[in-house]
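Take the model below one level at a time. Begin with the chains, then turn to the places where parts meet.

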Amino acid sequence: MIEIKNLVKSFDETQVLKGISTTFEKGKTNLIIGQSGSGKTVFLKSILGLFEADSGEIIFGNTSLKSMDLKERALLRQEIGMVFQGSALFDSMNVEENIMFPMRMFTTASEEEIRERANTVINRVNLVNANLKLPSEISGGMKKRVAIARAIIMNPKYLFCDEPNSGLDPRTAILIDNLIQEITREYEITTVINTHDMNSVMEIGEKIVFLENGFKEWEGTNQEIFKTDNESVTKFVYSSEMFKKIRKIYIDESI
Amino acid sequence: MIQKTFGKFTKWGVLKNLIVREIDDLIIGSLGIVAFISFFVGGVVAIQTAINTDNPLLPGYLVGFATRQSIILEFAPTFISIIMAGKVGSFITSSLGTMRVTEQIDALEVMGINTYNYLIFPKIIALTLYPFLISFSMALGILGGYLACVSGGFSSHADFVDGLQLDFRSFHIVYAFIKTFLFAMLLATIPSYHGYFMKGGALDVGKASTTSFVWTSVAIIITNSIVTNLLLT
């Protein structure tokens, strides 16, 4: 579980995060949604420690990030997996080397053990015949799978995904969403996904945090989002005619 | 940046592979262009000197002497370094800049890796071998001068070799390598800084490479001036 208390972050004179508090639950896919510029990426990167928050607290498990020394922070980072928007695969390494990289860096496991573990996660994310290919030689969907495999090879407690299905076709996007949800449940990971893909919200949003202008405007589940009368949420989520119809059908059926 | 580069070291098993790769990219990969430029510029320097000193009152060994002095003192250390600011410097800036733009540096940071040490330290170590590249340039520059002069009939073998040996001061070699080493550190650090701290997108990678080349060249010229004033005057 990750608990965020009153997180504030500014860049120069602009306050981007204005005191956000929420909880991300273990074994669930927690989604952060909001318009572009609402502070989603800054929020995610602040939790990860890529940006130092001005004030507030980030608690991983039972330990506050503030109270951790550098060594403890380094150990925590080894419990974190991250899937970046553009996959962030290392260009100079092939698929297999990319996936094995965290284990080679942080464990004393033999090459044979590392390869065995890599093959397990490669099979888990359904990557076929790609081990020796370079990132430039594989498709966007495969890159995401490699990024997920690299993120879970160390058995992380926390998985962060920044727009994991951006740039993917709808079918691949759903496959990636489902893969993340399955992995989250299977390994009991606390997964935090930053997205503005409404399909993801409907499909895998077990907990949704909606940000607007640096504030937490709303939070709930993908069932509750159908019923909410929060104006900002409905404007954002049901901006397309299709989702308006889906919502209407859902409400009619509920009645 | 320098302090962090030498702090929290990357696992040796990984680091040694990175150093070998950087030596291959930055030093071995530059041998061809350095050889080509040094050989032909050495030849041109010798021919120009011969043409401009074509006077019966001037000794024949002057061409060899002038070629040696200009190549060892300036051409090989300084001008090859400026060319390397374009080749090696741009490579460093653009590769780090691309890693920044594509979030590869963020990915390393999330894993808890000291990205300064992982990315910049191997480049600094690889460029400590830069003086070997410059000695290679000196040798080929003089060889190019010799072949151009002797085969073109501008000077005899004996005169050119006499000129090469005339008034040889080993301190000139020390001076050349001291400044070469300083240039190597500039070549490793300035482009790394511009690449690592780059902000923006693909277009900005190009801009950062150009800025890095300009500042590395300026730093090389200023350092050259300071070192020459300190050591040779």
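This is a predicted model: local features need pLDDT of at least 70, side-chain atom pairs count only at pLDDT 80 or more; totals for chains, interfaces and linings use all residues.

Residues are numbered from 1 along each chain as its sequence is written, chains are lettered from A and ligands numbered from 1 in the order in which they are written, and side-chain values use heavy atoms, with hydrogens and water left out.

Start with chain A. Its secondary structure comes to ten helices and ten strands. Helices (H or I, at least four residues) and strands (E, at least two) are DSSP runs, numbered from the N terminus. The C-alpha atoms of chain A fill a box of roughly 55 × 40 × 30 Å along the principal axes.

Chain B has eleven helices and zero strands. Along the sequence its pattern is α-α-α-α-α-α-α-α-α-α-α. Its C-alpha trace spans about 70 × 35 × 30 Å along the principal axes.

Now bring the two chains together. The contact (heavy atoms within 4.5 Å) takes 26 residues from chain A and 18 residues from chain B. The size of an interface is often given as the accessible area lost when the parts come together. Here chain A and chain B bury about 1700 Å² between them, 63% of it on carbon and sulfur atoms. Buried area is the accessible area (1.4 Å probe) that two parts lose on being put together, summed over both. A:Arg77, A:Phe90 and A:Met105 supply 29% of the area that chain A buries against chain B, more than any other three residues.

Which charged pairs cross this interface? The rule finds two salt bridges between chain A and chain B. A salt bridge is a side-chain nitrogen of Lys or Arg within 4 Å of a carboxyl oxygen of Asp or Glu. B:Asp106 meets A:Lys45 at 3.3 Å, N to O. B:Glu103 also forms a salt bridge with A:Lys45, with the closest N and O atoms 3.7 Å apart. This pair runs from B:Glu103, in the loop between helix H4 (62-101) and helix H5 (104-110) of chain B, to A:Lys45 in helix H1 of chain A. Over all chains, the count comes to 18 salt bridges.

Six residue pairs are in polar contact between chain A and chain B, both at pLDDT 80 or more. A polar contact is a pair of N or O atoms within 3.5 Å; within protein, one must be able to donate a hydrogen and the other to accept it, and residues adjacent in sequence count only if both atoms are side-chain atoms. On the chain A side, helix H1 (40-48), helix H2 (70-77), strand S6 (80-83) and helix H3 (95-106) each supply at least two residues. The largest share, six residues, comes from H3(A).

The contact takes 16 residues from domain 1 and twelve residues from domain 2. The two domains bury about 1200 Å² between them, 65% of it on carbon and sulfur atoms. In domain 1, A:Gln78, A:Leu179 and A:Tyr187 lose the most area to domain 2, together 38% of what that side buries.

Two salt bridges link the domains. A:Glu186 and A:Arg124 meet in a salt bridge at 2.7 Å, N to O. Helix H6 (residues 170-187) of chain A gives the largest share of the domain 1 side, nine residues.
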